[in-house]
Amino acid sequence: MKNRIVIGLIRVSILFLFVVGLGICVLWYPFSISLDTVGVVQDGPAPLTQVQRIAFWVQLLFMWGVSVPCFYTLHLFFRSTGYAKRDEAFCRANAHLYRKAAIALLVGSVVLIAGNVLFIVLEWNSFASVYIVLGVVGLVCALACYVAYRYILKAALLKEENDSIL
């Protein structure tokens, strides 16, 4: 019974992070990017220049693109709870979910950092340093997923060895 409650809470947490991520993608990214590309307009809407449009859409599409690995990782974590629900947390298939999550976060974080360094050079986004810090946090999370992968795989191999002896 306790296992069910913990797994339910983990799934609710994953869904909460999914909703927060969608909110960031739909609200924060367009708002923060428009602050730098368009600025604060005081006398009504001003027509956008071609450079502003390009800067806005390139950054917005980039940020949406680097958000995909995060959503994919949440999907993998949600699938992982299914193994825990069936008391199969220490199996090779579950370990490989964590490996996929580590790779997705690693690639997404490196691309996020590289893209925002470029935005700093182009002077397009004053929030780029914050996104670089988030990229570093993503690298740490990728490392944690890889460590979890290694331990789950090792536990799965030990479990298989013990099951073969019995």
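A: Let's begin with the elements: helices (H or I, at least four residues) and strands (E, at least two) are DSSP runs, numbered from the N terminus. The model is predicted, so local features need pLDDT of at least 70 and side-chain atom pairs count only at pLDDT 80 or more, while totals for chains, interfaces and linings use all residues. Residues are numbered from 1 along each chain as its sequence is written, and side-chain values use heavy atoms, with hydrogens and water left out.

Now to the pocket itself. On a 1 Å grid over the protein atoms alone, a pocket is an open set of points where a 1.4 Å probe fits, with protein on both sides within 12 Å along at least five of seven lines; lining residues have an atom within 4 Å of a point. The largest pocket holds about 720 Å³ of space, a volume being the space filled by probe spheres set on the points, which are joined across faces, edges and corners.

Its lining counts 27 residues, and Ile 24, Tyr 29, Cys 70, Leu 105 and Leu 134 lie nearest the centre. Two or more lining residues come from each of α1 (2–37), α2 (50–85), α3 (92–122) and α4 (128–165). Of these, α2 gives the most, with 9 residues.
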